[in-house]
Amino acid sequence: KYLNTPETVLFNKRKLLFGLDRSHRAIQQEGRAIVVEGYMDAISVFDAGVHNVVASLGTAFTPEHAKKLLHYAPEICFCYDSDEAGQKALQKAMTLFDQTDVKVRIPALVGGKDPDEIIRTYGRDKFKGMLEGASNETEFRLLALRRQYNLATTQGKIDFIGGALQILAT
């Protein structure tokens, strides 16, 4: 496990993407960058044969990261952890692309908390399948909203529809 250190003059997490030196060609060829949270996720995904992967060195995905990745590909696939911190960071990262035509994709990490755990538990083919079935940003937001309401009740349905309309309006 790595030590999550603060930024310094020599180490600026806002600008660095772990693994970009090894993955930039694959990102260009695939037309998509897969962004994970940490070193171990990036190493595990790369080792599983998915070479267009980088890590944002924690949950903070910055405009500098976006600019750097979009130099190589027009699509970004976020594979952040399924815990609360990862999902909050994902929501924040997606806002960087609200007024752009960048394609954002988000796979459902079913059966594990992060890409490394899914690969170790279910294998690389299962993980690759999750990547292929990744939702676009609108689908992801609607699915996240759906989990907040009890759709078996009338009020839950009304509240969900109100939130869904806001999402769809954007």
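The model is predicted, so local features need pLDDT of at least 70 and side-chain atom pairs count only at pLDDT 80 or more, while totals for chains, interfaces and linings use all residues. Residues are numbered from 1 along each chain as its sequence is written, and side-chain values use heavy atoms, with hydrogens and water left out.

Lys 88 is exposed at 55% relative accessibility, and Glu 84 is exposed with a relative accessible area of 57% (buried means under 20% relative accessible area, exposed over 50%, and partly exposed in between, with a 1.4 Å probe and protein chains only).

**View B. Arg 32, Glu 75 and Glu 132 are linked in a network of salt bridges.**
The side chains of Arg 32 and Glu 75 meet at 3.8 Å, N to O. Because Arg 32 lies in strand S1 (residues 32–36) and Glu 75 in strand S3 (residues 75–79), this pair ties together parts that are 43 residues apart in sequence. Arg 32 also forms a salt bridge with Glu 132, at 3.6 Å from N to O, and this pair links strand S1 to helix H6 (residues 124–132) across 100 residues. Arg 32 is buried at 12% relative accessibility, whereas Glu 132 is exposed at 59%. The structure holds 6 salt bridges in total.

**View C. Five strands form an open sheet with mixed pairing.**
The strand order is S2-S1-S3-S4-S5, where two strands pair if DSSP finds at least two bridges between them. Strand S2 (53–55) and strand S5 (135–136) are the edge strands, each pairing on one side only. Strand S4 (residues 103–106) runs antiparallel to S5 and is joined to it by 2 bridges, with Arg 105 standing opposite Asn 136 in S5.

**View D. Cys 77 and Cys 79 are in no disulfide.**
A search of the whole structure finds 0 disulfides, a disulfide being a pair of cysteine sulfur atoms within 2.5 Å. The cysteine sulfur closest to that of Cys 77 belongs to Cys 79, and at 4.5 Å it is too far for a bond. Cys 77 is buried at 0% relative accessibility, and Cys 79 is buried with a relative accessible area of 1%.

**View E. Helix H3 (residues 63–70) has the buried residues His 65, Ala 66 and Leu 69.**
These residues cover an arc of only 100 degrees around the axis, which puts them on the same side of H3; the arc is that of the directions from the helix axis to the C-beta atoms. The face of H3 turned away from this buried side carries the exposed residues Pro 63 and Lys 67. H1, S1, S2 and S3 are among the elements that cover the buried residues of H3, where contact means heavy atoms within 4.5 Å.

Methods:
Salt bridge = Lys/Arg side-chain N within 4 Å of Asp/Glu carboxyl O. Helix = DSSP H or I, 4+ residues; strand = E, 2+ residues; numbered from the N terminus.
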